[in-house]
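The exercises below each set a task and then work through a solution step by step. Please keep the sequence and the structure open beside the text while you read.

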Amino acid sequence: MPRIAVDLNRCQGYAQCAFLAPEVFALHGDEALLYDPEPDEGQREKLAQAAAACPVQAVLVDAVDSVDSVDSVAAAAGAVSDR
Amino acid sequence: MSGDGSLERFRREGRVVVVGASLAGLRAAETLREKGFAGSLTMIGDEPHEPYDRPPLSKTVLLGRAAAERTALPRLKEVDATWRLGVAATGLDMAGRRVRLTDGDEVPYDRLLIATGVRARPWPREAEAELDGVFVLRTRDDGAALARRLAAGPKRVLVVGAGFTGSEIAAACRERGLAVTVAERGASPLVGALGGVVGAVAADLQRRHGVDLRCGVMVTALEGDAAGRVRAARLSDGSTVETDVVVVSLGATRNTEWLAGSGLGAGPRGIACDAGCRAFDIRGIVTDDVFAAGDVARCPHPLFGYQFLSLEHWGNAVSQARVAAHNMLSESTDRIPHLEVPAFWSSQFGVNIKSVGVPSLGTEILIAQGSLEERRFVGVYGYQGRIIGAVSFDQARWLPFYQELIETTAPFPPEFATVDRRAEGRRPLDADFPDPSVPTHGPTVTLSGYSPADRRMTFTPAH
Amino acid sequence: MTPSPLHQILDYANRADPYPIYEELRRTPVHHEGDGPYVVSTYHEILGLLHDPRVSSDSRTVARTPHDPLAEPDQQESALPPSFLRLDPPEHDRLRRMTNRPFGPPHSPHRVDGMRGELRDIVTGLIDGIGDPDRFDLVDQFSYPFPVTVICRLLGIPREDEARFHTWADAIAASLDPDPDADPAERGKGAHDARMQLGMYLAGLIEERRRNPGDDMLSALATAQGEDGSMTTMELLSTAALLLIAGHETTVNLVTNGMLTLLRNPGSLQRLRADHRLAVPIVEELLRFEPPVQLVPQRVTLADVEVRGVTIPKGSSLWLVLASGNRDPRRFENPDRFDPDRRDIQHLGLGSGIHSCFGAPLARLEAQFALSELARRLENPRLLEDPPPYRRNAVLRGPRHLRIACDGIRA
């Protein structure tokens with residue numbers, strides 16, 4: 001599942017992401033941006049378009065393919081290595 | 001470390017422990033790897049979750065557009081760490097360079113980064129705080145629980161405290177069609193962070209969206225029914241609000257208790273650091289192996305008279321994490337200071353509020369562009385004849401210009417003409433911040449007021 | 001004495017490769033001579049001025065300022081009110097918001113995303129119609145008709161009227177790109193007539209849409225009753241003309257510059273053929289490397305503005321040379337290299353600040369579909385002339401023709 005975060009300090013509301021991937025990003029009013037932090041796998045191609053189109057490069061998409069699989073229950077019990 | 005190769009050895013096989021597995025901790029870990037740190041990295045987090053993003057919790061999640069469980073932060077770089085999640089740190093042995101954990105383990109380090117952040121300040125009366133229907137909002141679990149309760153359609157939600165988080169919660173509730181009362185001790189919402197002039201706009205925004213906003217009142221007690229569910233709140237003006245959900249939004253407390261007695265300069269105001277994020281010990285001597293970043297840190301900022309700023313800001317956590325990670329791996333002359341101009345955003349009632357600089361240091365405000373009445377404007381804050389902060393309501397694209405004015409200590413009031421200058425922007429107004437001795441809910445910038453230059457440093461020990 | 005940079009930029013002889021002039025220009029980040037405009041050519045300074053509220057775009061302010069060789073000559077004769085491109089806030093904000101209402105988020109988040117299928121079909125149809133693969137002109141047969149058709153569909157121009165719309169668009173485009181050999185009076189008249197006819201046509205269509213609204217953008221603009229009220233017919237005509245011209249002239253150049261650049265960089269073309277997703281970074285890099293709008297003229301200072309030690313006095317006109325900022329070595333590594341793998345790419349190709357390109361998301365999709373399909377379908381494409389002949393226009397810079405040969409066209 002892709003993961004995203006938007007650096008809303010950088011964001012200036014150009015809304016390119018909301019135009020190009022409207023299932024993930026939405027404008028709330030003129031400028032405020034809402035987004036789904038872990039959208040469906042099927043959104044990956046549109047996410048890449050949205051992130052590339054951001055004029056202030058504020059859309060952060062994970063660059064790591066296999067994110068450390070941290071099982072929180074196991075983690076709570078002790079150390080879990082991500083390798 | 002000097003030129004004896006020990007820094008090289010540390011970069012190759014040293015041990016870094018990061019206490020706090022949230023935004024600052026994760027970004028610091030990624031930066032360490034990016035800069036070539038090849039030693040061992042241990043991430044300690046008291047929550048059982050891998051790092052997640054908090055801002056969506058009070059917006060997207062409460063609106064029901066995303067699940068609280070699906071807010072994990074994107075990974076920008078493989079961190080190859082040992083994760084100790086769901087285990088809090090309970091103590092620090094600075095001489096022995098070890099962190100103690102709740103499960104009794106001790107983790108040794110060569111360099112330590114403390115990024116334990118803050119937690120929501122709970123309702124002060126414990127019995128009332130435990131009533132069913134009383135919430136705070138800080139963690140993913142808080143967000144999940146509150147979102148579930150809002151989805152169940154309560155008759156009324158009472159939000160205690162109209163800072164940014166409280167206002168965002170109220171906005172989400174209204175958007176879901178829920179009846180909302182907001183009780184704010186100050187004269188208006190956001191007054192602590194943005195002052196009364198802008199606070200009045202925030203109040204107008206709330207009322208236009210149907211919030212039952214009550215300012216200048218305190219909630220004095222919460223009442224439960226026989227089953228232990230909250231049913232009403234009593235206010236200082238003698239009124240009672242019948243409600244089945246109360247969200248306590250009274251700001252945050254810094255997670256520094258675990259450092260009590262450690263000898264580190266940590267207390268309720270956070271961990272005092274130098275501009276390079278190295279923590280001070282209680283003697284006021286800077287350490288070389290303990291760093292702090294994010295909400296828990298407070299650093300002197302040269303733009304603001306070297307006052308120690310502690311900022312509960314997303315961007316601050318990211319930039320301090322990078323500074324701390326860089327400095328951990330650097331010789332003293334290669335270290336970099338944390339110079340980022342504070343910046344902040346909030347979205348509420350469909351309005352994008354952004355600020356740069358430190359508005360709460362300002363004494364005057366000039367509406368440089370747009371109009372308060374239209375709720376689209378840029379306000380510029382002045383302090384002692386210079387521009388010290390700016391805020392925009394749905395006018396974010398202009399802020400970089402004002403940030404540059406802050407960075408260059410441009411004079412206040414700005415004398416130049418701009419586009420969209422209205423009659424109300426001809427002269428500055430009193431920014432109308434509350435007396436700092438009167439607490440209000442939720443200012444996001446707090447100042448301790450002392451500076452290394454005047455040598456009147458006072459230390460508040462942990463308690 | 002070498003000719004002034006201003007004249008060099010305008011000199012048609014430099015149209016094929018203006019970048020050495022820009023490089024020279026960047027030695028003086030704020031260049032000024034005589035009573036001409038202040039020409040700003042470095043990245044950070046341009047970006048700063050695009051966000052500077054002391055800089056006005058209001059055509060009424062601009063008209064009062066001294067000599068700007070790029071001032072629109074027909075500003076006065078146009079009966080239409082200024083479009084939002086030529087207005088400052090709050091009028092700009094109001095009109096742009098109203099225009100955005102049926103175009104993008106928050107009110108119409110699916111408009112552009114929903115055009116993907118249609119864009120693909122238009123591209124497919126145009127490539128199918130290329131005919132003789134041995135020699136064709138990409139501009140006439142593809143890049144020109146493509147964006148006009150897209151705008152027709154967006155605005156909801158009836159299919160049977162699209163041909164007339166193309167004719168008017170061509171005439172207006174020609175007036176923006178004067179051929180020095182043509183009789184200026186004839187040329188001006190042709191464009192004037194086209195504007196009049198287009199205006200009357202649109203006015204009629206607007207009336208019709210007010211009575212029988214469809215789900216197209218013109219219907220939505222004609223019937224809108226939002227918090228900003230509704231547009232007058234004159235405002236609506238002005239806005240439609242802006243969408244037509246700005247959405248057309250820029251996309252033609254983006255697509256043509258794109259294909260030209262890919263043909264000059266066969267490695268990138270090959271990679272795009274193998275993976276259509278590469279179109280995304282390719283288009284961003286194109287917007288940096290060969291931006292369709294080279295410079296932003298017609299901005300005026302409302303106060304003294306200091307830039308890199310130079311005080312630009314109040315009331316001066318500015319040229320912000322976006323294409324030069326995009327090649328500023330203080331901002332971009334190896335700026336003269338076309339590199340779709342560039343990770344740091346905050347280009348100025350679509351402007352920045354409140355006047356940043358309104359149609360940017362559509363332009364991006366248009367260029368992505370066009371280039372990836374051209375790359376996939378044209379077998380072994382080759383440039384028949386390099387450099388190709390350019391249009392006259394120094395601002396909206398791009399080839400007038402791009403003659404290509406290929407071995408065949410894949411299905």
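**Exercise 1: A parallel sheet in chain B**

Strand E10 of chain B and strand E11 (residues 179-184) of chain B run parallel and are joined by 5 bridges. This is a predicted model, in which local features need pLDDT of at least 70 and side-chain atom pairs count only at pLDDT 80 or more, while totals for chains, interfaces and linings use all residues. Residues are numbered from 1 along each chain as its sequence is written, and chains are lettered from A and ligands numbered from 1 in the order in which they are written.

Task: starting from this pair, work out which strands make up the open sheet, in what order.

Solution. Helices (H or I, at least four residues) and strands (E, at least two) are DSSP runs, numbered from the N terminus, and two strands pair if DSSP finds at least two bridges between them.

1. Strand E9 (residues 134-135) of chain B runs parallel to E16(B) and is joined to it by 2 bridges, with B:Phe135 having B:Val247 as its bridge partner.
2. The open sheet of 5 strands therefore has the order E9-E16-E10-E11-E12 in chain B, with parallel pairing.
3. Because E9 and strand E12 (212-215) of chain B each have a single partner strand, they stand at the edges, and one side of each is left without a neighbour in the sheet.

**Exercise 2: Side chains and a helix on the sheet**

Task: find which way the residues of strand E16 of chain B point, and which strands helix H5 of chain B lies across.

Solution. A residue is buried if 20 or more other C-beta atoms lie within 10 Å of its own, exposed if 12 or fewer, and partly exposed in between, with C-beta atoms placed from the backbone.

1. From strand E16 (residues 245-248) of chain B, B:Val245 and B:Val247 point one way, whereas B:Val246 and B:Val248 point the other way, and all are buried.
2. Helix H5 of chain B lies across E10, E11 and E16 of chain B and runs at about 165° to E11(B), where axes are lines fitted to C-alpha atoms, for helices over the stretch in contact, and angles run from 0 to 180 degrees between N-to-C directions.
3. B:Glu175 is found in this helix, H5 (residues 164-175) of chain B, and it counts as partly exposed because it has 17 C-beta neighbours inside 10 Å.
4. The C-alpha atoms of B:Glu175 and B:Gly350 are separated by 9.5 Å, although the two residues are 175 residues apart along the chain.

**Exercise 3: Chain B as a whole**

Task: describe how many helices and strands chain B has, and what its radius of gyration is.

Solution. 

1. Chain B has 8 helices and 30 strands, and buried residues make up 55% of its 463 residues.
2. The radius of gyration is taken over C-alpha atoms, and the globule rule is 2.2 Å times the number of residues to the power 0.38; for 463 residues a compact globule would have a value near 23 Å, and chain B has 23 Å, which agrees.
3. Two residues are in contact if their C-beta atoms, placed from the backbone, lie within 7 Å, and among contacts in chain B between residues at least 6 apart in sequence, 66% join residues at least 24 apart.

**Exercise 4: Where chain A touches chain B**

Task: state how many residues each chain gives to the contact, and how those of chain A divide by class.

Solution. 

1. The contact takes 33 residues from chain A and 36 residues from chain B.
2. On the side of chain A that touches chain B, the elements that each supply at least two residues include strand E1 (4-6) and helix H3 (72-77) of chain A.
3. The residues of this side of chain A divide into 17 nonpolar, 7 polar and 9 charged, where Ala, Val, Leu, Ile, Met, Phe, Trp, Tyr, Cys and Pro count as nonpolar, Asp, Glu, Lys and Arg as charged, and the others, Gly among them, as polar.
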